[in-house]
Protein chains: 2
Amino acid sequence: MNAQKTRGQPVSLPDAERQAANFRRVREAHQTEVAEDYVELIAGLIDTAGEARAADIARRLGVAHPTVVKTIARLQRDGLVESQPYRSIFLTGAGRAMAERSRRRHAIVAGFLKAIGVSDETAERDAEGVEHHVSDETLAAFERIIKANMPE
Amino acid sequence: MNAQKTRGQPVSLPDAERQAANFRRVREAHQTEVAEDYVELIAGLIDTAGEARAADIARRLGVAHPTVVKTIARLQRDGLVESQPYRSIFLTGAGRAMAERSRRRHAIVAGFLKAIGVSDETAERDAEGVEHHVSDETLAAFERIIKANMPE
DNA sequence: CATAACATGTAGCCTCGGCTATAATTCGCA
DNA sequence: TGCGAATTATAGCCGAGGCTACATGTTATG
């Protein structure tokens, strides 16, 4: 339990375990980041373009197409998308659900940043990175503030 | 230049390039995340415990020690830390500078979240993930709001 | 002062998410 | 209708960041 008896100072060591838990959470979040970005993008492409093609995804993400192909295979393995050789990509129910959640998060985070005076461009940029790391509690706080600043 | 002439719908395609740039930025940010976490943690350990040992870092991060050893080697290669076999770890000038920046970011993000009504625990948790993705502009907006909510 | 307990290092494995180069398909259009 | 161009797939590479198992140092203390 208490590991700092033999070497090193007593060190207070207030919350090593909690800190570790936080870092672990971030690492886990990072594992789903790519998936969230893909399904969100795929949903958007299906909406606006009628279908999601690997080449488009690669263009929008700024990566090479083989990267997309490999990632899509992973997403399919994980039950988020369906795809057959040389055909466009579809979302499964789980994929659509994840896309919806991501979309909502993204909109709230970006909207919030704009509401507190961040420029549109920066808001979009930062939202892309931040959206994967905000808890529901924080998201709710963001919504509250958006609403409060709205009616003016 | 315009790649959507032959196949696929015209698609409006408003800002594929900008979107790609945003994603690229997030990927780059992610490459420095681990480094930031390490130097920030090392700085903290040196301050509170007098020295930074690999075992402590592993405990605080919630990873196995070999992971820490390997990462420290990378950080040393990149000029952020100094370490010799079986001795504790030191920050270089660059490492200290990065640690300072990270610490400041972390404090601002966490403080901001608390200021808008997020619980302390959640604020700390979310700050850990969010801090790596907020631009200076957003950070400034956060500070403004902290200050505005302070004097009450 | 010897040794057990703990810290550190090494070897070797894995997955993810990038890449380039090359092969295979599909589709638009002449 | 058939061919060339664009798209998609495959092979094989890389580094980051995880892990376990095992080897080697260090140190506290009996």
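To compare the two chains, the copies are superposed by least squares on the C-alpha atoms of residues with pLDDT of at least 70 in both. Keep in mind as you read that this is a predicted model.

Let's start with the rotation axis. Chain B can be laid on chain A by a turn of 180° and a shift of 0.0 Å along the axis, with an RMSD of 0.1 Å. That is the relation of a two-fold axis.

Now turn to the place where the chains meet. Here 42 residues of chain B are in contact with 43 residues of chain A. On the chain B side, the elements giving two or more residues are α1 (16-49), α2 (54-61), α5 (120-130) and α6 (136-149). Among these, α1(B) gives the most, with 13 residues. By class, the chain B side divides into 16 nonpolar, 15 polar and eleven charged residues. The copies meet through the same surface, because 100% of the interface residues of chain B are also interface residues in chain A.

For a closer look, follow α1(B) to its contact with helix α2 (residues 54-61) of chain A. Two packed helices are described by the angle between their axes and the distance between the axes. In this pair, the angle is about 65° and the axes are 6 Å apart. From α2(A) come A:Arg59, A:Arg60 and A:Leu61, while α1(B) brings B:Ala16, B:Gln19, B:Ala20 and B:Phe23. Sorted by class, this contact has four nonpolar, one polar and two charged residues.

Terms used:
Residues are numbered from 1 along each chain as its sequence is written. Chains are lettered from A and ligands numbered from 1 in the order in which they are written. This is a predicted model: local features need pLDDT of at least 70, side-chain atom pairs count only at pLDDT 80 or more; totals for chains, interfaces and linings use all residues. Two residues are in contact if their C-beta atoms, placed from the backbone, lie within 7 Å. Helices (H or I, at least four residues) and strands (E, at least two) are DSSP runs, numbered from the N terminus. Ala, Val, Leu, Ile, Met, Phe, Trp, Tyr, Cys and Pro count as nonpolar, Asp, Glu, Lys and Arg as charged, and the others, Gly among them, as polar. Axes are lines fitted to C-alpha atoms, for helices over the stretch in contact, and angles run from 0 to 180 degrees between N-to-C directions.
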